[in-house]
2 protein chains.
Amino acid sequence: MALIVQKYGGTSVGSIERIKEVAESVIESREKGNRLVVVLSAMAGQTDALIRLSKEVTETPDLRELDVLMATGEQASVSLFAMAVKSMGYDCCSLLGFQAAIYTDQIHGKARIKNIDADRILKELKERGIVAVAGFQGIDDGSNITTLGRGGSDTTAVALAAAIGASVCEIYTDVEGIFSADPNVCARARKLDRISYEEMLEMASLGAKVLDIRSVEFAKKFNVPIHVRSSFNRNEGTMVVAESKEMEKILVSGVVLDKNEARITVAKLPDRPGNAFRIFDPIFKAGIVVDMIVQNPSAEGRVDLTFTVTKTHFQETLKLVDEVAREIGAEKVLGDQDIAKVSIVGLGMRNHAGVASKMFETLARENINIGLISTSEIKISCVIEGKYAELAVRALHDAFGLGNGGEKN
Amino acid sequence: MALIVQKYGGTSVGSIERIKEVAESVIESREKGNRLVVVLSAMAGQTDALIRLSKEVTETPDLRELDVLMATGEQASVSLFAMAVKSMGYDCCSLLGFQAAIYTDQIHGKARIKNIDADRILKELKERGIVAVAGFQGIDDGSNITTLGRGGSDTTAVALAAAIGASVCEIYTDVEGIFSADPNVCARARKLDRISYEEMLEMASLGAKVLDIRSVEFAKKFNVPIHVRSSFNRNEGTMVVAESKEMEKILVSGVVLDKNEARITVAKLPDRPGNAFRIFDPIFKAGIVVDMIVQNPSAEGRVDLTFTVTKTHFQETLKLVDEVAREIGAEKVLGDQDIAKVSIVGLGMRNHAGVASKMFETLARENINIGLISTSEIKISCVIEGKYAELAVRALHDAFGLGNGGEKN
């Protein structure tokens, strides 16, 4: 008998039929003697529909009120789910953010969980065995409804698992687990049995969409094991856990592709203190997230500054940079949307120097030119021409032997 | 500068366009210096849609969870309304049942308001001038969401008006006010300027649908003036207020028609103690509301017992009564669905004996036979053949001079 948190995303509760299937799956686990906290997202499409409704009122809806509106999505899911469980003869009750005492800061639309008072959940869990908690929502100190932003239900689930001391947080989704590469790009991609929090964090920030990055940070901080698995079958998925000696033997765990970024280069920027600040300040103030930043000396007293932003922010960023670049005497500003970022991630890189050169060699062998390089302790990212994206993923996947269990160092 | 509660029903907030119009109307009142609590129902159709959704899960949804689901309707309305107000440059925030501290008992689906802690509302009202409160919902002592049942938003509005000491509770609806008769039946029906709580209670229980009866009881108890008016124009509607000497001069205020009832007669019931109880006990236990009850002696040692129920409960009631009637030796059970109940209501009846005979005389002149009669201090109801319903209303409306301001005694 274990204490388990399960989280089901929007697709998993996309219809009444699917909600009933989730109820059956939860009851199956309950029948084994487990007690379960079930975290649900809004039914697929519901969140977008609510946003559209608010846009009919005004292009810039008040963020506090938008949170009140958005919270109805998960409220509907948990009540319908609890009805389904009860109609199948098992006890259950739904709890919303304020009832589950999920306290957040006051940043509407992307609030962060500050703490959870688990008393009510534990009481209901003891009495009923199954408790459904609305994902994505909490309350601030003033009892105002807040939401955690896209992917927030993952964070709710992991935070609850930490708060009640669950043995595992199961994230049910529409894929089988975490793969060594995107199976749509690389046919030989393999489902990983285990991956460390650190690798998962890199993969999530590199564009792997399975888990929300904040939930992984939470899991790492409180050492909550996450089990990413499919809601369409009973197969084992991928365990995301603290790293162990064994894991360090894996040189590269996965290859991640991100085609969502665009590159901007400020060429021949005078090399003076404060110039980087002047370039980036208006971008940050516009709320645009800059991913990679690379600066190299070019001519005498000048540098080339290159960085990437998401394609949706490309035009706006280009305009902002153009203005500043002229003022501070850069030669020109270049932009390129036809790029891809391909990255390899693995704990083993820490102790093994040859990984980068093997990556460069592999790309060179395929005649793929590398535009930008950025590294961290456990990942290497290269920006390449967009048309080579899938080829690069397959070549790297093969080169590091990921299709057959990963190369050992 | 006044403190005002306004309530808008589902039709008044039936679309984003209508919600914006309500926001404009509220702002108009705010511009006059008033501070406003605005109570909203769910958008028209939303409540029914949510019930349908729950029925897809199970025919008998858990009542606690149904309340959680239903509460999303008003939650959406108040958030969209608050967005609209803010987008027009005025401050406002929405409050749900738990935030407005509307405490009820634990009867899910038809909870009764026990008390309201007005601190939060008064604080927001002072700061913002406009506060939107979700109608129809509250919380019980265990922080569970409850709903007040159909028409519950009227009660929310009146209870809030009492709690914050508002000068008036304005109920905006799709009619111009309370009429001396249904204008669809009687072309000469006149909008009443004022009516007493007592008359309104009788009219509501007799089938006039404009105000929920519990809201009138609340208003009477706490002496909250209600102003029933149209949300489609700025015309003055009907004030529902405590009775005054002036009002007692009005013999009859209105004629009310109810075609929703059916009649059941238990003929030649042995006149023994306990027989009425044996007839009604199974009906009450089935949750069926009995309206009129009349008993008369028939043959020696026997009585005829007649009562009315709503047409939706007619068949079920007939079946229940048939069984008991056989057991206790009644001669037969008769049922009739083709009936109408026509009633006159007026404070002046208390001190004027001739009202009943004038009613009977008027019906007799139209050759309308009276099946059942039931009276209270300020109303007389007659059950007649269904086909005469509209004729009876018009004849009584004329006879008591309601078209030109009411007959004085």
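User: Which crossing do α8(B) and α9(B) make, left-handed or right-handed?
Analyst: α8(B) passes α9(B) in a right-handed crossing. A crossing is right-handed if the near helix is turned clockwise from the far one by less than a right angle, and left-handed if anticlockwise.

User: What kind of model is this, and how does the numbering go?
Analyst: It is a predicted model, in which local features need pLDDT of at least 70, side-chain atom pairs count only at pLDDT 80 or more, and totals for chains, interfaces and linings use all residues. Residues are numbered from 1 along each chain as its sequence is written, while chains are lettered from A and ligands numbered from 1 in the order in which they are written.

User: Which strands does α8(B) touch?
Analyst: Four strands of chain B form an open sheet in the order β15-β16-β14-β17, with antiparallel pairing; two strands pair if DSSP finds at least two bridges between them. β15 (290-297) and β17 (332-336) of chain B are at the edges with a single partner strand each, so one side of each has no neighbour in the sheet. Six bridges join β15(B) to β16(B), residues 302-310. One of the bridge pairs is B:Gln295 with B:Leu305 of β16(B). Helix α8(B), residues 275-285, packs on this sheet and touches β14 (261-270), β15 and β16 of chain B, with its direction at about 145° to that of β14(B).

User: What is the strand order in the other sheet, the one with β13?
Analyst: That open sheet has four strands in the order β13-β18-β20-β19 (chain B), paired antiparallel. Its edges are β13 (254-258) and β19 (370-376) of chain B, each with a single partner strand, so one side of each is without a neighbour in the sheet. The average twist from one strand to the next is 20°. Between β18(B), residues 339-345, and β20(B), residues 379-385, there are seven bridges. B:Ala340 has B:Ile384 of β20(B) as its bridge partner.

User: Which helices lie across it?
Analyst: Helix α6 of chain B (residues 197-205) lies across β13, β18, β19 and β20 of chain B, at about 175° to β18(B). Helix α11 of chain B (residues 389-399) lies across β13, β18 and β20 of chain B, at about 15° to β18(B).

User: Changing topic: how do α5(B) and α7(B) sit?
Analyst: The axes of α5(B) (residues 152-164) and α7(B) (residues 213-222) come within 8 Å and cross at roughly 10°. They are therefore roughly parallel; angles under 35 degrees count as that, over 145 as roughly antiparallel, 65 to 115 as roughly perpendicular and the rest as oblique. α5(B) passes α7(B) in a left-handed crossing. The residues in contact include B:Val158 of α5(B) and B:Phe218 of α7(B). By class, this contact has seven nonpolar, two polar and two charged residues.

User: Where do the two chains touch, and how many residues are in the contact?
Analyst: 28 residues come from chain A and 28 from chain B. On chain A's side, α1 (16-31), α2 (46-57), α3 (63-87) and β3 (93-95) each give two or more residues. α3(A) gives the largest share, 14 residues. By class, chain A's side has 14 nonpolar, nine polar and five charged residues.

Methods: Axes fitted to C-alpha atoms, helices over the stretch in contact; angles between N-to-C directions. Contact = placed C-beta atoms within 7 Å. Nonpolar A, V, L, I, M, F, W, Y, C, P; charged D, E, K, R; others polar.
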